[in-house]
Amino acid sequence: MKRIIIALVAAALLGTAAAVPPSPGSPGLGDPLFPTLGNGGYDVRHYDVSFDFTPVTYDFSGVVRFTAKATQALSSFNLDTDGHAIDAVTVDGEPATWALSPGQSGQELTVTPAEPLREHVPFEAEVRFHGNGKAPRAGLTGWRFGPDGGFAAAAQSSRADTFFPVNDHPSDKATWTFRVTAPEGYVATANGELTGRDGGTWTFEEREPMASELIGLAVVKGTYVYGTGPHALPLRHVVPQGQEARYAPIAAETGTQIAWAEARFGRFPFSTYGVHIYPGYSDALENQTLSLFGTGWFDRPTYSNTMVHELVHQWFGDSVTPATWQDAWLNEGPAVYYAAVWAQEHGGQPLADKMRGVYAKLDEVRAKDGPPGRPKGLGGYNIYDGGALVLYALRTEVGEETFDRIMRRWVQRNKDGNASTEDFITHAAATAHRPALDGFLRAWLFGTQNPPLEGM
């Protein structure tokens with residue numbers, strides 16, 4: 001009996017010593033390029049976003065509800081937000097206190113629950129907010145406005161927080177429900193499947209995990225155009241209202257492009273796909289399941305190259321998402337590379353000629369902006385064309401058959417997840433059964449100069 005009592009006392013003391021008091025979640029995740037993006041202490045599992053937008057005035061109101069699991073005992077936690085008036089916050093149905101403070105890329109919303117949150121225990125939170133799409137933001141805005149008085153979201157890389165409070169880092173992927181309200185004469189769009197419409201409120205379900213920077217929220221004067229892709233994949237496009245005859249045939253080309261990509265990477269990773277063509281946007285962006293294009297792209301005879309670029313992102317960047325923003329070459333390198341392959345197969349520039357041009361320029365870019373695997377910022381030639389050159393060099397080294405196997409297995413093994421440059425190096429060496437590829441890829445990804453390459 002004495003031994004039992006001693007053991008129980010010892011266990012109680014050990015439990016007391018091991019208990020960690022609640023503490024605030026970190027206001028950033030320490031990303032190498034954007035240290036304050038995202039928030040620590042919890043992992044979001046699902047977002048339910050209600051968004052009511054008024055065209056022309058650009059006023060909006062909304063509610064974001066999310067379920068998450070605490071990864072530590074939390075006395076408070078943060079959300080990224082920018083340009084919103086916060087109306088109310090609850091945690092597990094109870095009113096919570098909150099405060100807004102400046103952040104490096106936007107604002108920090110600090111939420112203090114009525115009771116601390118326990119580690120590893122799920123919780124629910126709700127934030128009610130309102131604002132105006134054209135109001136000033138502390139950081140960069142993701143709002144893109146068209147002549148129709150509507151908007152489309154271009155949130156990459158840190159701009160989802162200009163639409164609603166969110167844990168805005170690609171490492172915290174979640175599933176999503178969007179309920180978007182638009183007035184008569186306008187249509188709403190968002191990621192995933194359109195599952196219902198009740199009056200002016202459109203409901204979309206994105207059942208595969210998605211990073212916040214890939215949201216496809218929009219309210220526009222547009223027309224839905226439907227089609228069917230390979231293996232009966234539902235296609236749902238949005239084209240400018242009154243211009244269906246011009247843009248519907250372009251949207252219809254998507255089915256052929258998906259079949260081309262599936263021959264290389266395997267089955268399309270999501271339950272639907274489409275393109276949103278909008279005159280209020282001037283670029284192209286791989287919003288998950290609904291790529292966004294400005295109308296200007298389609299004045300060029302090479303527009304299909306851009307469509308394929310954004311389509312390839314559905315595998316590389318959307319389904320397999322970078323662990324940090326410094327891994328962004330894993331998104332852009334494949335998109336540039338395979339768009340160049342498509343262009344070559346359809347009468348465009350030979351791939352080898354394009355890569356020779358990149359090789360000649362990349363050393364200077366490495367010195368200025370960093371190598372492809374360690375960029376100093378986003379959007380640079382080192383990540384896009386430099387990343388494509390890394391893949392071209394890998395294919396030259398291992399041969400086309402092994403290269404194809406590396407790329408196909410990469411997206412299959414990491415589907416719906418996050419992966420890093422280190423993960424890719426390990427994967428390539430293991431898949432090719434060539435340990436020396438570790439050093440080969442490190443030289444290309446992290447070196448200050450291009451390694452030698454046949455034909456260059």
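A: A residue is called buried under 20% relative accessible area, exposed over 50% and partly exposed in between, with a 1.4 Å probe and protein chains only as cover. The model is predicted, so local features need pLDDT of at least 70 and side-chain atom pairs count only at pLDDT 80 or more, while totals for chains, interfaces and linings use all residues. Residues are numbered from 1 along each chain as its sequence is written, and side-chain values use heavy atoms, with hydrogens and water left out.

With a salt bridge taken as a side-chain nitrogen of Lys or Arg within 4 Å of a carboxyl oxygen of Asp or Glu, the count comes to 14. One of them joins arginine 179 to aspartate 48, with 2.7 Å from N to O. This pair ties together distant parts of the chain, 131 residues apart: arginine 179 belongs to strand 12 (residues 174-181) and aspartate 48 to strand 2 (residues 42-54), strands being DSSP runs of E of at least two residues, numbered from the N terminus. Aspartate 48 is buried because its relative accessible area is 14%, whereas arginine 179 counts as partly exposed because its value is 31%.

Two further pairs can be set beside this one. Lysine 368 forms a salt bridge with aspartate 369, their closest N and O atoms lying 3.5 Å apart. Here lysine 368 has 60% relative accessibility and therefore counts as exposed, while aspartate 369, at 24%, counts as partly exposed. Lysine 415 is likewise bridged to aspartate 416, with 3.3 Å between the closest N and O atoms; lysine 415 is partly exposed because its relative accessibility is 39%, and aspartate 416, at 25%, is also partly exposed.

Salt bridges can also be joined to one another, and Arg65, Glu126 and Arg128 are linked in such a network.

Asp92, Glu94, Glu115 and Glu124 form a negative surface patch, a patch being made of residues with over 30% relative accessible area and no salt bridge, in which like charges are joined within 9 Å. Asp and Glu count as negative, and the place of the charge is taken as CG of Asp or CD of Glu.

Conventions
Patch = residues over 30% accessible without salt bridge, like charges linked within 9 Å, V, L, I, M, F, W, Y side chains within 5 Å. Areas by Shrake-Rupley, 256 points an atom, 1.4 Å probe, with all protein chains shown as cover. Helix = DSSP H or I, 4+ residues; strand = E, 2+ residues; numbered from the N terminus.
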